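Please read them with the structure open.

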Amino acid sequence: MDEFNSKFIKEFPDLAYVRFVTARIDADNDRVTLGAIYDRSREKDYNAQSERIRNAAASLFPPFAKVSVTARPSVTGSRELIHLVRDFLQKESAYIAACAEGDNISVLMGDPPSVSITLTPSVAEYAEKENVAERLKEFIDARMFTDVKVRLKRREEDMAEVARTLNEKVYAPRFSYERPGEGRSINPIGRNSMCGEKIEGTAKYICDCIEPEYAVVYGTLLDLRTREYTPKKPVKGETTRTFASFVLDDGTGRLRCVWFPTSATKDAVKFLQNGSYYIMSGRTEYDERAQDGSLQMSVKRFTGCEKAEFEINKVVRLPDPDYRFTRPEKYESLSQMDMYGRSAKPLTDEDLVILSLMTVSDNKNRPGELIEIAAVRIGGGMILETMSSLMRPHTNMTEEERSAAGLVQSDINGKPYFEQILPDFYTFWSGRTVTMFPFDFNMNILKGYLDKLHIPIPETADMTLFAEAAELRRARAKTRRALPNALALAKFLTKQL
């Protein structure tokens, strides 16, 4: 509405005590409803000229439009000031807004009122270059009809907290449930002991098994396979023993399982049948054969049961509001200076996040674990921000795999796991459209990791909507590293030199 207000004040300068903040358009009935605020000290003037104000606003629309205006006096309170500050920052710079959440915005109601925004030195320096304080003051003054003081304050990073965060190995995310009272456990009936002591109590959802732990799970047994092996401690007269591998499915997810019997439970393999229901207990560990960060359970006991009737309540992981392990960086390059210009019109002006992934292997059938992710935000035909991070795989990379990826062991040591990094990237792309190339291959990899963490899938668009696949292939960087590839595609879409 800023452009509309500028035009309104230019045409009717004596009505500058009115600001329009919302517009609701009913195209079917050619009706426009404008929401406005006016200077509280000019309330008598507004009441006397309300019809003129409506006619003045209507004159800026086509003649056939039916325009109505609803207005209220401006309120200068701390809550309203904070809302305006956040609205401005979200609109002008997500980079600053991400650093100014929570207690970093303070308001002092005086005469005049003042707003203080506390930022880290690097972000404060960027905000000063962008003249954020003066622009924010103009934004507030225009909507509150008051002379507000705005200042930027610098704060030093808590290095002890930074060190603790970087050295933390386990990231315990927070959860939000659609139906908190329902619970997240399954309690089947009709239990019969089959291997070891009968398992009592409830089982957890398979979708909640996201890190190595001792767990009790329930589900339908699928894809049962049995093989013989030579036990380390055979009983007298025993030469081979049968072990089983299978999948357990409870409707929320699937878990690969393997069961090696002891000498006391070696005959229990006869109780395992496809399509039957079981409660199983054992230890979950990262699956070294799959090498994709998923879990596999080593089953110790299992108990037969009846089918459990339960309603699956959805779970969405809520990442921390702040970036914990990696942050976006403002993109600056000589190619964006005016003196170089632009070689051609950009292929898209949309606000997009270009995502690029690197896995342990470049084998399309067995890519292995995700070890690097990069995101580049473009908008208005320009490259705006970048964000990237290497990740430590849960299984060891061979020297050949590291060399093929252009890495050495020290590049991986100390890096966070994907469970820690992906919430930061969710914060970065939240509310924006994500695109990748090739789309299907990358999306299948990303979706698997987001599903493990219960992070919502972002809104996506295939990059071939903006350019031909052959052109995109030629535009990619001649490396497997994620950030160079994402930047190369970003420069191609924005036609940056």
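1. Two rings among Phe, Tyr and Trp count as an aromatic pair if their centres lie within 6.5 Å, with the six-membered ring taken for Trp. On that basis Tyr 229, Phe 243 and Phe 260 form one aromatic cluster. Please keep in mind that this is a predicted model.

2. How many aromatic pairs does a search of the whole structure find? The search finds seven. One of them is Tyr 229 with Phe 243: the ring centres are 5.7 Å apart and the planes stand at 75°, so this pair is edge-to-face. The cut-off for that label is an angle of over 60 degrees.

3. Tyr 229 belongs to strand β11 (residues 213–229) and Phe 243 to strand β12 (residues 241–249), so the pair ties together parts that are 14 residues apart in sequence. Both Tyr 229 and Phe 243 are buried.

4. Phe 418 and Tyr 449 form another edge-to-face aromatic pair, with 4.8 Å from centre to centre and 80° between the planes. Here the link is between distant parts of the chain, 31 residues apart: Phe 418 is in helix α10 (residues 418–429) and Tyr 449 in helix α11 (residues 439–453). Are these two residues buried or exposed? Phe 418 is buried, and Tyr 449 is buried as well.

5. The peptide bond that joins Phe 437 and Pro 438 is cis, with omega at about -10°. Where is Pro 438 found? Pro 438 sits in the loop between β21 (433–436) and α11. Helix α11 is also the element that holds Tyr 449 of the pair in point 4.

6. Tyr 229, by contrast, is buried.

7. Which residues form the positive surface patch? The patch is made up of Lys 364, Arg 473, Arg 476 and Lys 478. Arg 473 is placed in helix α12 (residues 469–475). With a relative accessible area of 47%, Arg 473 is partly exposed. A residue needs over 30% relative accessible area to be part of a patch, so Arg 473, at 47%, is above that cut-off.

How values were computed. Residues numbered from 1 in each chain as written. Predicted model: local features only at pLDDT ≥ 70, side-chain atom pairs only at ≥ 80, totals over all residues. Heavy atoms only, no water. Patch = residues over 30% accessible without salt bridge, like charges linked within 9 Å, V, L, I, M, F, W, Y side chains within 5 Å. Areas by Shrake-Rupley, 256 points an atom, 1.4 Å probe, with all protein chains shown as cover. Salt bridge = Lys/Arg side-chain N within 4 Å of Asp/Glu carboxyl O. Lys, Arg positive; Asp, Glu negative; His and termini not counted. Charge placed at Lys NZ, Arg CZ, Asp CG, Glu CD. Helix = DSSP H or I, 4+ residues; strand = E, 2+ residues; numbered from the N terminus. Buried < 20%, exposed > 50% of the residue type's maximum accessible area, 1.4 Å probe, protein only. Phe/Tyr/Trp six-rings, centres within 6.5 Å; stacked < 30°, edge-to-face > 60°.
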